[in-house]
Amino acid sequence: MTITYSCIANGRVILADLAWAGGSYQETAATMLRLVLLRAEPKTTIQMGSFVYHSLFIDGIIYLCASDNVLDIVTPSAFLKKYPILGKYMMKYNKNQGDSSISTLRSQVTDVKSIMTQNIDKILESEERLNSFTDRTDDPQTTAKDSQETIKILRKIWWQHLKKIIIITVAIILSIIIILLSTNIIPT
C-alpha cells in the first residue's frame, strides 16, 4: 500500500501538495476538493480510477491523500490523523505572514501620513506668506509708499555703483598715464 499523493487545501485552494509518483493529480484533486466541500462530512473516501482518495475536513481545511490500495483504510487514516498538526503550523505561519504584511502596510501608511503632514505644513506656510503679501498689496497707500521707498533705495544703490565705476575708471586712466610717462612713451 502506497500513499501516492497528498495535499492540504483551504476550501478549493491547494496550500501544499506532494506527488510521490508521476501523474496528473491536480485535476483529480480539484474534483475531490469540490466533492468534499459539497458533502461537508468530516471524513470522505472516494475511488476515482485506480486510486482511492481519503479526506479529512476540519475547520474549512481539507487534508487529502490518494492511495493505490482499495482495501487498505488504516494507513490513509493514520496518515490523515498526523496531517492536522502540519495544517495548524501552516495556518499559524500564514497568519503570521498576514500580520507582517499588515504591519508593513501600517508602516507605509504612517510614512505617507507623515509626508502628507509635512506637505500640509509647507502649504500652510506658503499660504501665510501669500496672505501677508496680499495684505500689503491690498492697501494702495502702503504699496505706493513701499514702491517709492524701493525706488529711492534702488536709485541710491545705482549712484553708489556709478561713483565706484567712475573712481575705478579714473584710477586706471591715471595709472596708465603714470606708466606711460615713466617709460617715456609720452614726451613731457
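**View 1. Overall arrangement of the protein chain.** Read along its sequence, the protein chain follows the pattern β-β-α-β-β-β-α-α, with 3 helices and 5 strands in it, where helices (H or I, at least four residues) and strands (E, at least two) are DSSP runs numbered from the N terminus. The model is predicted, and local features need pLDDT of at least 70, side-chain atom pairs count only at pLDDT 80 or more, while totals for chains, interfaces and linings use all residues. Residues are numbered from 1 along each chain as its sequence is written, and side-chain values use heavy atoms, with hydrogens and water left out. Of the 188 residues of the protein chain, 18% count as buried, a term that means under 20% relative accessible area, with exposed being over 50% and partly exposed in between (1.4 Å probe, protein chains only). The protein chain exposes about 14,200 Å², of which carbon and sulfur atoms supply 63%; accessible areas come from the Shrake-Rupley method with a 1.4 Å probe, and for residues only the protein chains shown count as cover. Among contacts between residues at least 6 apart in sequence, 41% join residues at least 24 apart, a contact being heavy atoms within 4.5 Å.

View 2. The 5 strands of an open sheet stand in the order β2-β1-β5-β4-β3, with antiparallel pairing, and two strands pair if DSSP finds at least two bridges between them. β2 (13-19) and β3 (43-48) are at the edges with a single partner strand each, so one side of each is left without a neighbour in the sheet. Neighbouring strands of this sheet are turned by 15 degrees against each other on average, direction ignored. Helix α1 (residues 25-39) lies across β1 (3-10), β2, β3, β4 and β5 (61-67), and runs at about 140 degrees to β3; axes are lines fitted to C-alpha atoms, for helices over the stretch in contact, and angles run from 0 to 180 degrees between N-to-C directions.

**View 3. Strand β1 and its two partners.** In strand β1, 6 of the 8 residues are buried, so the strand is largely enclosed by the rest of the structure. With β5 it pairs in the antiparallel sense over 7 bridges, and 6 bridges join β1 to β2, again in an antiparallel run. Asn10 has Ile61 as its bridge partner in β5 and Val13 as its bridge partner in β2. The hairpin of β1 and β2 has 2 residues between the strands, and Gly11 takes a positive phi near 70 degrees there.

View 4. Strands β4 and β5 run antiparallel and are joined by 7 bridges, with Leu56 standing opposite Tyr63 in β5. In the hairpin of β4 and β5, which has 2 residues between the strands, Asp59 takes a positive phi near 50 degrees. Strand β4 (residues 51-58) is also joined to β3 by 6 bridges, and these two run antiparallel; here Met48 has Phe51 of β4 as its bridge partner.

View 5. A pair of aromatic rings is described by the distance of the centres and the angle of the planes. Rings of Phe, Tyr and Trp (its six-membered ring) pair if their centres lie within 6.5 Å, and planes under 30 degrees apart count as stacked, over 60 as edge-to-face and the rest as tilted; by this rule the count comes to 3 aromatic pairs. Tyr5 and Tyr25 form a stacked pair, 4.9 Å centre to centre with 5 degrees between the planes. Since Tyr5 lies in strand β1 and Tyr25 in helix α1, the pair ties together parts that are 20 residues apart in sequence. Tyr5 counts as buried at 1% relative accessibility, and Tyr25 is buried with a relative accessible area of 4%. Ring pairs link Tyr5, Tyr25 and Phe51 into a cluster. Thr4, which is found in strand β1 and counts as buried at 6% relative accessibility, makes a polar contact through its side chain with the side chain of Tyr25 (3.4 Å); a polar contact is a pair of N or O atoms within 3.5 Å, where within protein one must be able to donate a hydrogen and the other to accept it, and residues adjacent in sequence count only if both atoms are side-chain atoms.
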